[in-house]
Each structure stands twice: as C-alpha cells, then as structure tokens.
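The sequence and coordinates follow.

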Amino acid sequence: MQNSISLIYKGLRFVLNRIKYFFDFVFCNFIFYANKVDYKNFETKGLPKLMVARGGTFIIGSDFRMNNSMVSNPIGCVQPCMLFVDRGAVLTMGNNVQMSQTAIVCHERVTIGNHVKLGGGVCIYDTDFHSLDSESRKNSDTDFRNKLKKPVYIGDKVFIGAHSVILKGVTVGENSIIAAGSIVTKSIPSNEIWGGNPAKKIRSFI
C-alpha cells in the first residue's frame, strides 16, 4: 500500500513539475523580451529576478540553462537567479552557460565565456556598491557616484563552486576551478584551482 501511494505521489509530482516548467519557460520568454535581452534557446526551472535598466545590454548565447528554486537544485539556496544590468552596462554570456540561484550585478561590464558552470548561490559583482570614502557615504548621491566599478571576465570552461563571490576587476582564466565558498578578490590564471577567503592558489592542472 505504501509503495503504491509513493508511486502515485511521485507520478503526480513529475506531471505537475513538467506543467510548471512549461509555464516557467513561457513567462521567462516574456521577462527576457520585456527587458530587451538578446537571447537564443534556453531552459529554466523557476523564474529569475531580472532587471535591465534603460541603456543596459544583456546578451545570452545558445543553450543557456538556469535553476531558480531550491526544488530545481536542492543545495540550500532559496532565492532565484537575480540579474541586474545598470544603465550603459553590458552583461554578456557565451554558449552553454549553466547557473543555479546565481546573482550577477553589472554596473559596467561582466563577460562570461562558453561552457561555464556557476554553482548554487554564486555572486558576481563588478562594483563595490558604495564609496570607500566615509564622507561620500554620508549622502546617497555622492555615495553612488563615487563607488568603484571594474569589469569582470570569466573565461571559457570555468567552474565556480557554490556560494562563491567574485568581486570587481577579477579575471578568471579558462578551465580554472574556484572551490565552494570562496571570495575571489584578484585575478586567477588559466588551468588552476583556487579556494578560500580570500581565494588562493591550491594547485595547477599542468
């Protein structure tokens, strides 16, 4: 009896999830279109939080995949993918980029190469968000104007582990791996594994 109930439950869950994923795809198309995203084919589970400001540019290559819920990737992150592109900023993703519950804030330029995997809860910021000068932070206008921002570049075939944070001005060379929970404050060469807070080299592939 218990086995029968379990089979019925799993069957219903499968069907309901397929229906939900269909509507996720439909509504995500609308979200992309409304934000003037240049995109091709994609798969999504759940819906992202996306905002492209006027004058911002967001380009996505082919075979893009994203998870936006704890159900679609039960790694402990509950938020959807959160993607923000500021006025005049450019966010570019190559082909076959995969992400789960990822946050990307682009105030200048963020470039992600081909075949990149971003683990659950990864955050990529090309800005400090606030000025480093205490006097500037007293006023919201001067705080915003004086914040530092530098482009971020993620090379081809990079894997960034869950809950890692990539900060402004960082380049991650192709094929490199960043261990889960790392805070990356400086650029990483190709073909290396880095991890920690702040992230440091663990070893090379060659």
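Thr111 is buried, at a relative accessible area of 19%; buried denotes under 20% relative accessible area, exposed over 50%, and partly exposed the range in between (1.4 Å probe, protein chains only). The residue belongs to strand β9, which spans residues 109-112. Strands (E, at least two residues) and helices (H or I, at least four) are DSSP runs numbered from the N terminus.

Beyond its neighbours within four places in sequence, Thr111 contacts Thr92, Val152, Tyr153 and Ile154, contact being defined as heavy atoms within 4.5 Å.

## Basis of the model

The model is predicted: local features require pLDDT of at least 70 and side-chain atom pairs count only at pLDDT 80 or more, whereas totals for chains, interfaces and linings use all residues. Residues are numbered from 1 along each chain as its sequence is written, and side-chain values use heavy atoms, with hydrogens and water left out.

## The parallel sheet

An open sheet with parallel pairing is formed by six strands in the order β2-β5-β8-β11-β14-β17. Two strands are taken to pair if DSSP finds at least two bridges between them.

Within this sheet, β11 (residues 123-125) and β14 (residues 165-166) pair in the parallel sense over two bridges. Ile124 has Ile166 of β14 as its bridge partner. Cys123 is buried, with a relative accessible area of 16%.

## Cysteines

How many disulfides does a search of the whole structure find? The search returns zero, a disulfide being a pair of cysteine sulfur atoms within 2.5 Å. For Cys81, the nearest cysteine sulfur is that of Cys28, 9.3 Å away. Cys81 is buried, its relative accessible area being 0%.

## The loop residue Ser136

Ser136 is located in the loop between β11 and α2 (140-145). At 12% relative accessible area, Ser136 is buried. Leaving out residues up to four places away in sequence, Ser136 touches Ser131, Thr142, Asp143 and Asn146.

## Phe25 in helix α1

Phe25 lies in helix α1, which covers residues 2-34. With 35% relative accessibility, Phe25 is classed as partly exposed.
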